[in-house]
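Subject: Structure for you to look through

Dear colleague,

I am passing on a structure that you have not seen before, and I would be grateful if you read my notes with it open beside you.

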Amino acid sequence: MSDRIAIFWPGDYRALPNELALPEVEAATVRMERALDRLGRRHYRVDGFLTKPNEAIAKLGPVQDPTIGMYAHWVYGPHTCDGVVGKDNPLLMASNFSGRWPGLVGLLNTSACLESVGRAHSRVWTDADDWTADDAFMARLEQWCDSGRIDWPEDELSYDATVGADAQALADGVAEGIRRRRVLALMLGDTSMGMINGYFGPRLLNPIGFTEHKVDQAWIIARGRDIPDRRIDAALAFVKEKGVTFHYGGDYDETATREQLRDYLAVIDLVAEFEADCVGWQYQLGLIGLRPPSDFAEGLLNSACRPEGNGDVIIDSTEADQGNLMPMEMMKRLLKAKGLHQAVFFHDVRWGDTVDGRFVWLLLNSGSSGAYAFNHDPDTLRGVHAHRQPKGYFPVPGGTFSGESLPGAVTWSRAYLKGGELWMDIGRGEVVTLDPALRDAWWQGTTPEWPFMAIDLGIGRDTLMAHYLSNHAAVAYGDIHDELVALSRSLGFKVRLLGRR
């Protein structure tokens, strides 16, 4: 492999996040350059952040040298993929391992995007202040410099599981229901922020019993105009009476909540009109300057306790991510069939650390987790806190749907595209309670407005970082692991199990 290496910066589309992260990205790049110097490798930088697909095409397309992308904050998948797809020069994705500057989140999302379009690449990361002092990191960087790839252990991955008769029978019943009436997903827009790995489309969805109906997000605005005040008044009274705590201040006030409830009511009307089973909601970036954040409405959809509800959750996958939408809907049906509460939670893999001898991940999404995680009571919204979404990302004021997730055994999963086929990752885990001081340090060190889940995913840090194909995960309380394996196989997914043997 050539010893002349290009280094580039994928970025956010929005200028402010890039500006805020610039010191961290610059510092991470200097650390990488010093590491390459230690290995005797020449290097150069591709100029500036890549903030649009056309910039990736223009700046990365001509590069034939081995290339390293620096993932030190949240970035969009196309700002790498569109410049490197169709090429075969060695590509390395290098990340800091930080909760405050979530480069690992950008790495996981972009790696899944690359995998979905068949672009070979490798991953590497470190949490060291001096990257040259991390011997494991340096060994893997040297391996890539020598061979153009990094090999990671696969001892916590498996592809075969024996499913008991009871689990198989329950899954067969759910599968038969899907065959009788396929799952209709109402897609409000397309995937957010260029999430290539989150969209599969009807050619892949239809054979496994799902189908989609796309509705432009403009319909939310148009339908919202016809929502009468009396419905909004009743919805607001409902969420107050059921226990939501609102943290109003500045430009975030009750008017913002009313507008979020207007959007919620418009969406449940659309669900009723099309008799949809579940929802994928884009919101970003199309509505970000026009409507308040969708998170409060999405949190309500993912809760059995909700205005104008019927006792069921309406599975909602934020960012219109079909890779979470499918397992969430499948898990909901399995939970109901097994007599467990049907809520399934959408989360971002944000960061983690070793606690009392085991690795605990912080799952932290932008605020659409359902209420059951915070109270384990399907009939209340107690434990839900609504904070203003950070202004740097959400200019129109609106609240989150946040809280601390309670402890308990969970099943987690994710669907993804690999080699042109649909796969399902499935694992067991445990939500844990952290010491309050540690919990607060983690929460305040990431995004304190967002819902918090501390979880042992049943695998080591490096297994997830090396092999997982998303920054998102679907999580449900209760053990439906074997049932989900059986259902996934029955519908036509290939299955990969993540767990210590």
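In this predicted model, W281 has T318 of strand β11 as its bridge partner. Strand β10, which covers residues 278-281, pairs with β11 in the parallel sense over three bridges, where pairing requires that DSSP finds at least two bridges between two strands. Touching, or contact, means heavy atoms within 4.5 Å, while axes are lines fitted to C-alpha atoms (for helices over the stretch in contact) and angles between N-to-C directions run from 0 to 180 degrees.

The sheet in question is open and has four strands in the order β8-β7-β10-β11, with parallel pairing. Its edge strands, each pairing on one side only, are β8 (210-215) and β11 (316-318). On average, neighbouring strands of this sheet are turned by 20° against each other, with direction ignored.

Residues are numbered from 1 along each chain as its sequence is written, and side-chain values use heavy atoms, with hydrogens and water left out. Because the model is predicted, local features need pLDDT of at least 70 and side-chain atom pairs count only at pLDDT 80 or more, whereas totals for chains, interfaces and linings use all residues.

A second open sheet has five strands, in the order β2-β1-β3-β4-β5, again with parallel pairing. Here β2 (42-50) and β5 (122-126) are the edge strands, each of which pairs on one side only, and the twist averages 25° from one strand to the next. Within this sheet, strand β1 (residues 4-10) runs parallel to strand β3 (residues 67-71) and is joined to it by three bridges, with A6 standing opposite T67 in β3. Helix α2 (residues 53-60) packs on the sheet by touching β1 and β2, and its direction makes about 155° with that of β2. Helix α4 (residues 103-116) lies across β3, β4 (91-96) and β5, and it runs at about 155° to β4.

Some details of the backbone also deserve a look. The peptide bond from Q284 to L285 is cis, with omega near -5°, and L285 lies in the loop between β10 and α11 (295-301). In the loop between α10 (254-274) and β10 one finds E275, whose phi is near 50°, a positive value in a residue other than glycine. D356, likewise not a glycine, has a positive phi of about 50°, and it lies in the loop between β12 (345-355) and β13 (358-363). Are E275 and D356 buried or exposed? E275 is exposed at a relative accessible area of 55%, and D356 is exposed at 79%; exposed means over 50% relative accessible area, buried under 20%, and partly exposed in between, with a 1.4 Å probe and protein chains only.

T463, in helix α15 (residues 461-467), counts as buried because its relative accessibility is 8%. Leaving aside residues up to four places away in sequence, T463 touches E156, L157 and Y468. The side chain of T463 makes a polar contact with the side chain of E156 at 2.5 Å, where a polar contact is a pair of N or O atoms within 3.5 Å, and within protein one atom must be able to donate a hydrogen and the other to accept it, residues adjacent in sequence counting only if both atoms are side-chain atoms.

Taken as a whole, the chain has 16 helices and 19 strands. Its radius of gyration, taken over C-alpha atoms, is 22 Å, close to the 23 Å that the globule rule (2.2 Å times the number of residues to the power 0.38) gives for 501 residues, so the chain is as compact as a globular protein of that length. Of these 501 residues, 61% count as buried.

Conventions: Helix = DSSP H or I, 4+ residues; strand = E, 2+ residues; numbered from the N terminus.
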